[in-house]
Structures are given as structure tokens and as C-alpha cells.
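Here is a short report on a two-chain model. Please keep the sequence and the 3D view open while you read.

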Amino acid sequence: MSEASEDLARRAERLLRWYPKDWRSRYGDEFTELLTAEICERPRSLRRSADVAWSGLTARLTNAGLTGHAIEPGDQVRASLASLGCALGVFLAFGIAIWSQLTIGWQWSEPDTSATYAAMILMSGMMLLFLILSVLSAIPIACCVVERIVRRRSQGLVRPSLLFVAGAAFLIIGSRHFGNGWPGTGGHAWAQQGLVPGGVAAFTWASTLSVTSYWAHPGALASFPTGELLWMALSPVAMVCLVVGAAKTVRRVDLPPRVLRYEACLARFATYGMIAFLAGSYVWVIAGDPGPKDLFHTGAIDIAGLVAMSAALAVAHRAVQRARHGGLALIQR
Amino acid sequence: MTLVARSAKAPEDDRSPSEPLGTFGRYAGPATLILSSLAEGAKHGYALTKDIEAFAGVRLAPGTLYEALSRLEGQGLIEALDSHDRRRPYQLTAVGAAALRAHLAAQRRVADLGLRRLARSWGTA
């Protein structure tokens, strides 16, 4: 192969990377041939590059169950639920960071504005809703996964399930360890000094210790104990393992149609919860007050969190729409 | 007018299965061109681009071409043929031929109506 044709192939391969793996394995060869011929004919074309990038992203969104492109209804629901799980993961990472900051503040003193008070009640209620929905949605999926693994029909379920379990175990153990070190619990995990037990507040605070503006202040960060720094660096990796493991498991497990419809229904309630939680967060940021001893003050990281949560909600809403569409198609069968 | 208003309001999920190109959104145009090109016989990606450019004056960009091809294949309107090299040809299926015929007939009705109204109000050129 000459140097020129090698360069052509390299450029075509580079453009192909915009597409998801499944798409590349089906159309990759022929698409590379077409791209090579096109590049030969018109060496430079911004329109072609933009078109390939756009189509590649569309294919990725389709693969994630977020476009209107009709795919098999069962696949559509699974893909949409997996995308909802990822969006919910991002939402909760920032949401729990905001909520735990406020619950920690409330361990010391009640908020002195009705806005922060109402926001906290609403956000705490939604946290409880997320917990209930997570358990309700996990039970049938876990049963299905265990059954498949026991019957040796796991179809690639073992690795994502292990990834999920490892991520969850690391987060729980680490959060317990670092939460216990926080003095607000008074040595008792269920001591009720604020809106929620101190142990719960400390646990959630420790689980989202990495969501902090300290990353922008390396000098201050350097004064942290090494163990805490390690935890702040590794806990986001564990969160990613947990979310990716859950999403891959949902995509691969062959759930019966009625379970898929049930999950799609729970997903709708999850987005209602996200809307209410986000509304509470906005109320706190816009109408709240720093409160006694500055316990409820808002910072740049909270604003960034609201932006990320709003984007996650938009993705979740789209995913639930598509899951509902797939669910309806399953009923019509 | 009523027809236009009704179709504009039709929800995405209520599209009739007799209009398979109705679910293609912005890819309906490229899909029509591809089906029209394949009506002549099987072609691979580059040959499709060249043929469409020749008969319609439109050069489909590679991403758009393959997005439309994958949707057409997913709906069973075209099928891939075996190939000895990396260029895989596609051909129209019977369902695809029927869909193309119905789609072009609907377009012809709109074109005929538009031309008749133009002639009535603006005269013939």
C-alpha cells in the first residue's frame, strides 16, 4: 500500500470513529470504502466531515434509544432505560452533593428562610422517592439476572453485573468509612438532630465528596489527608462503574415485555421526581439565604450542579418518552 | 389546507404503517432518492451517490447516505447483497418497491395539484 493510500485509509478510519461499535461492525468496511473514494475525489470538505460527525452522533443517540428512529420495541425500551439510568446517575451525583450539603447544615441549625426550608422538605421527599423507585426497579432485574446466571444463560451478564456490584460495594464501604469520620453524627449513625439522621447526612456527604470546587484550588486541596484525596479521586470511578454496570446489565438482560412496561412506568415517576428535586434546588439557589453561620450558602459548584442536573433531566425526559413509545409498541403486539 | 393541517398535527407514533417513509424525518428526501436509484438495479454506496447526483443534481454526503441506508434496511425496504469486496451492494425489496410506488404517487398528486393551481392563478409559462 502506498503512503498516499495509507493516509486516505487513516483519514477514513478517523471519521468512522464517530459511529458506535455496533454500527461500525455492520457498515464499517463499506462506509470506509465510500469515504476513501469521496476523499480521493474531494480531498478537503468541511461539509463531509460535519455530515459524518452529525450522522455518527445520531447513530450513537439511536443506539442509546434517544431518537425517533424505529428499532425493535424491546430493544428500544432497554436502550432508553439504560440511558435514563445514566442520566439519573449524573443527576443524583450532583443532586446528592447539594442535598447532603444542606442536610449537614441542618444538623447544626435550622434554615431561617421558608424558601430553604421548603426546598429541603421537597428535596428530601424526592430522595426518599428515588430510593423507593431504585429498590422497586432493581428487584425484577436482579431476579432476572440471577436466574439467567444460575441457568447458565447469562449472555454476557456476569461482567456488567460484577462491575455494578464492585462499584456499589466500593462506594458504600468508602462512604461509611469517611462518613463515620464526620463529627456531626455525635458518634451515633441515627442521631436525629436535623431533618434526617446524622448518619444518613454524613454517608451521602462522604459519597459525593468528589463533587467540590476544591478541584479548582489545588493549594487548599494539598492540605487534605492523603486517604481523603484518594477517596475523592477514586469514588467518581466507582460511580461510573456502578452506572455503566447497571446500564450494560439492563441492555443485555432479556426482560419479559411486562417487566419492561413496569420499568418504563417507574421511569416516568423517576422523571417526575427529578423535576420536583430540581425545582427544590432552584428555589434554594434563587430564593434561599446563606442562613445562620453561612450553613446554607450557595457556591459555584452548586450552580454547575444545577446546569448538569438540568441537562440530565432533558436526556431522562427524552429517554422516558422513547421507553414509553417502545412500551406501547410491546402492548400492541 | 385541511390535509396539511392534519398531517402537521399527527403525532409521531400514530403514523400509518402504509407510509413507511413517514418515520424517516429529515432522511425522507434522501431515502426517496436512494429507493428511486435502486429501482433501476442493485448499487453500492459510491454508485448510489454518483447516480443520484446525475439524475437529481444532489450529492448525498456519506453520513446522510448511510444513515438513510441503515433506516431503509431496518424497515426491510432494501436488502444488502453478498459481496466479494468491501463495497456491499443494496437492492430494493418487494416491500420497498411498493413503498416507493405509493410515496411517488402521493408526491405526484401534490405536484399535479400545485401545477393545476398555478396554471389557474398565474397562467401557463
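## Helix α4 against helix α7 in chain A

In chain A, helix α4 (residues 73-108) packs against helix α7 (residues 198-207) at an angle of about 140°, with the axes 8 Å apart. That angle makes α4(A) oblique to α7(A). The crossing of the two, α4(A) and α7(A), is left-handed. On the α4(A) side, the contact residues are A:I96, A:W99, A:S100, A:T103, A:I104 and A:Q107; they meet A:G198, A:A201, A:T204, A:W205 and A:S207 of α7(A). By class, the contact of α4(A) with α7(A) has five nonpolar, six polar and no charged residues.

Some terms need their cut-offs. Helices are DSSP runs of H or I with at least four residues, strands are runs of E with at least two, and both are numbered from the N terminus. Axes are lines fitted to C-alpha atoms, for helices over the stretch in contact, and angles run from 0 to 180 degrees between N-to-C directions. Angles under 35 degrees count as roughly parallel, over 145 as roughly antiparallel, 65 to 115 as roughly perpendicular, and the rest as oblique. A crossing is left-handed if the near helix is turned anticlockwise from the far one by less than a right angle, and right-handed if clockwise. Two residues are in contact if their C-beta atoms, placed from the backbone, lie within 7 Å. Ala, Val, Leu, Ile, Met, Phe, Trp, Tyr, Cys and Pro count as nonpolar; Asp, Glu, Lys and Arg as charged; the others, Gly among them, as polar.

## Basis of the model

This is a predicted model: local features need pLDDT of at least 70, side-chain atom pairs count only at pLDDT 80 or more, and totals for chains, interfaces and linings use all residues. Residues are numbered from 1 along each chain as its sequence is written, while chains are lettered from A and ligands numbered from 1 in the order in which they are written.

## Helix α4 against helix α10 in chain A

α4(A) also packs with helix α10 (residues 257-287) of chain A, at an angle of about 25° and with axes 10 Å apart. The two helices, α4(A) and α10(A), are therefore roughly parallel. Their crossing, α4(A) with α10(A), is left-handed. From α4(A) come A:G74, A:V77, A:L81, A:L84, A:L88, A:F91, A:G95 and A:I98; from α10(A) come A:P257, A:L260, A:E263, A:A264, A:A267, A:A270, A:M274, A:F277 and A:S281. This contact of α4(A) with α10(A) divides into 13 nonpolar, three polar and one charged residues.

## Chain A overall

Chain A has eleven helices and zero strands. Its C-alpha atoms fill a box of roughly 70 × 50 × 35 Å, taken along the principal axes. Of the 333 residues of chain A, 38% count as buried. Buried means 20 or more other C-beta atoms within 10 Å of the residue's own, exposed means 12 or fewer, and partly exposed lies in between, with C-beta atoms placed from the backbone. Among contacts in chain A with a separation of 6 or more, 80% join residues 24 or more positions apart.

The domain assignment, automatic or from a database, gives chain A domain 1 (3-59) and domain 2 (74-332). The centres of domain 1 and domain 2 of chain A, taken over C-alpha atoms, are separated by 38 Å.

The C-alpha atoms of A:L230 and A:L278 are separated by 30 Å, and the two residues are 48 residues apart along the chain.

Chain B has five helices and two strands. Along the sequence, chain B reads α-α-α-α-β-β-α. Of its 125 residues, 29% count as buried. In chain B, 48% of the contacts with a separation of 6 or more are between residues 24 or more positions apart.

Between the chains, 18 residues of chain B are in contact with 23 residues of chain A. On the chain B side, α3 (45-56) and α4 (62-74) are the elements that give two or more residues. α4(B) gives the largest share, seven residues. By class, the chain B side has four nonpolar, seven polar and seven charged residues.

The axes of helix α2 (residues 21-41) of chain A and α4(B) come within 10 Å and cross at roughly 150°. α2(A) and α4(B) are therefore roughly antiparallel to each other. The crossing of α2(A) and α4(B) is right-handed. A:Y27, A:F31, A:L34, A:L35 and A:E38 of α2(A) make the contact with B:P62, B:Y66 and B:S70 of α4(B). The contact of α2(A) with α4(B) has six nonpolar residues, one polar and one charged.
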